[in-house]
Amino acid sequence: MYPPKIGYVIPDNINEAIDFLKTHDDAKVLAGGHSLIPMLKLRIIRPSYLIDITKLKELHYLNKEEKEYKLGATITHYEISKAQIPLLSEVASKIGDPQVRNMGTIGGSISHLDPSADYPAALLVLDAKVKIKGPSGERLEEFSSFDKDMFTPDLSQGEIVTEISIPTVSGYKYSYQKLERKAGDFAIVGVAVLIKTNGDEIEDFRIGVTGVNNKAYRSQIAEDMIKGKKINDEIIDKVAQEVANESNPTSDIRGSAEYKRKATKIMAKRAILDALKR
Amino acid sequence: MKIIEKDEKVKIHLKINGKDYETEVEPRKLLVHVLRDLGFTSVHVGCDTSNCGACTVIINGKSVKSCTVLAVQADGSEILTVEGLSKDGKLHPIQEAFWDKHALQCGYCTPGMIMQSYWLLSENPSPSEDEIREGLAGNLCRCTGYQNIIEAVKEASQKLKGH
């Protein structure tokens, strides 16, 4: 319940934050605080300083441009849930509970990289990019390579996620299906799909899964299996089975590995069917 | 850039229920404890993992679990707790509805539950039953079984629309 003693830094701009982080390797960036503070309260981490970036207006914006949405790192789940971004807004609305969504940010979620987090499944299928600012300037990475492993983002010392960009997808149907024990919980498994149809033929198909691996994954084999084909129950079943085959869940309080693999197939099917209905 | 060392205390300003407060805190101190220290003991602690919502208050118009905010983070913000809802002794319609519908027993979740209902109804003045249940999913109750809380929020929604 009680955090260990910590210093606190309020930078005036992002460069000050980066400078401080560069020279204090055990300092942590504080955004919404809804992963960091719970960890402090359990004393799982003992950073020297917290660098509060939530006062930086330069990190708080949500712009729709011609080809992409640009989201400042400190945009909250609540704000994303209201922004009508295909797929991503639906995913944001299913994170945690209302109070959590009022504080939690997209930058914080992906810098934390819980393997059961909701965003990664969607960010993968949306081909999201992550802008990172550090002592040697800015770089832009695909989310798929930014997510190196559970709790392991591609961030070097002094680097901070500043922006997430989402290419606009038009004419796509989408769905995010989250299996949870109760409202407010992390996903047992979460499946995000994007589907473009041409008549009854599948023109483009993308499927991302969270919760049942070290990190979220897209199934290339399943995607190739269905692209250009006519949709029917048999192919949906095969695709869902393939997605489940690529899962590698662990047995824990949310269920056995076997159960989670079976659930992955079911949720993949539900996501595809739900998207096609829209 | 402002740097507060771990053994240092920092002066913070909070506007709580319309009144200004100034206090000194260590950076690690949680907002929920500061609110209670300042006398707002309606703000309860029901867990240590951010699940229960008994500490819910409105910060700058948003419902937040005050156990998951550092007091220093909240410096300069406006906070509403359940103590600030009634006006001149007259209950707020949500408080009235909780009374009418028997939506509390031990009363420990009630302040947080009422503040979350307050935010829910400001967001969505006419929620369906499902929307109420989802809207209160961050607030646990051990006594009521939720049913009467749902009824109270429905009644409060009707009353507030009449205002």
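A salt bridge is taken here as a side-chain nitrogen of Lys or Arg within 4 Å of a carboxyl oxygen of Asp or Glu. The model is a predicted one, and the values reported below were computed from it.

The two domains of chain B comprise residues 10-84 for domain 1 and residues 93-162 for domain 2, and their centres, taken over C-alpha atoms, are separated by 21 Å. To the contact, domain 1 of chain B contributes 18 residues and domain 2 of chain B contributes 13 residues. Between these two domains an area of about 1300 Å² is buried, with 61% of it given by carbon and sulfur atoms. Of the area that domain 1 of chain B buries against domain 2 of chain B, 35% is supplied by His44(B), Thr56(B) and Val82(B), which is more than any other three residues supply. On the side of domain 1 of chain B that touches domain 2 of chain B, the elements giving two or more residues are strand S4 (56-59) and strand S5 (62-65) of chain B. The residues of that side of domain 1 of chain B comprise 7 nonpolar, 9 polar and 2 charged.

Within chain B, strand S2 (residues 10-16) runs antiparallel to strand S3 (residues 19-25), and the two are joined by 7 bridges. S2(B) and S3(B) form a hairpin in which 2 residues lie between the strands, and Asn17(B), in the turn, has a positive phi of about 50 degrees. In this pairing, His13(B) stands opposite Glu22(B) of S3(B).

Chain A is divided into domain 1 (7-52), domain 2 (57-167) and domain 3 (172-277). The centres of domain 2 of chain A and domain 3 of chain A, again taken over C-alpha atoms, are 21 Å apart, and the contact draws 25 residues from domain 2 of chain A and 23 residues from domain 3 of chain A. About 2000 Å² is buried between domain 2 of chain A and domain 3 of chain A, and carbon and sulfur atoms account for 55% of this area. Leu87(A), Ser116(A) and Val125(A) together provide 26% of the area that domain 2 of chain A buries against domain 3 of chain A, more than any other three residues.

Between domain 2 of chain A and domain 3 of chain A, 3 salt bridges are counted. The side chains of Asp127(A) and Arg218(A) also meet in a salt bridge, with an N to O distance of 3.1 Å. Across the interface of domain 2 of chain A and domain 3 of chain A, 13 residue pairs are in polar contact, both residues of each pair being at pLDDT 80 or more. Helix H4 (88-92), helix H7 (119-125) and strand S8 (147-149) of chain A each give at least two residues to the side of domain 2 of chain A that touches domain 3 of chain A, and the largest share of that side, 5 residues, is provided by H7(A). The side of domain 2 of chain A that touches domain 3 of chain A has, by class, 13 nonpolar, 3 polar and 9 charged residues.

Turning to the interface between the chains, the contact involves 36 residues from chain A and 36 residues from chain B. The area buried between chain A and chain B is about 3100 Å², and carbon and sulfur atoms give 61% of it. Salt bridges between chain A and chain B number 3, and the side chains of Lys82(A) and Glu123(B) meet in a salt bridge at 3.7 Å, N to O. A further count between chain A and chain B gives 15 residue pairs in polar contact, with both residues at pLDDT 80 or more. On the side of chain A that touches chain B, two or more residues come from each of strand S1 (7-10), helix H1 (14-23), helix H2 (36-41), strand S3 (49-52) and helix H5 (98-103) of chain A, and the residues of this side are divided into 21 nonpolar, 6 polar and 9 charged. Strand pairing also spans the two chains, in that S1(A) and strand S1 (residues 2-4) of chain B run antiparallel and are joined by 3 bridges. Within S1(B), Ile3(B) is the bridge partner of Val9(A).

Methods
Residues numbered from 1 in each chain as written. Chains lettered and ligands numbered in written order. Predicted model: local features only at pLDDT ≥ 70, side-chain atom pairs only at ≥ 80, totals over all residues. Heavy atoms only, no water. Contact = heavy atoms within 4.5 Å. Buried area = accessible area lost by both parts, 1.4 Å probe. Polar contact = N/O pair within 3.5 Å; in protein donor to acceptor, adjacent residues only side chain to side chain. Helix = DSSP H or I, 4+ residues; strand = E, 2+ residues; numbered from the N terminus. Nonpolar A, V, L, I, M, F, W, Y, C, P; charged D, E, K, R; others polar. Pairing = 2+ DSSP bridges. Domains from an automatic or database assignment.
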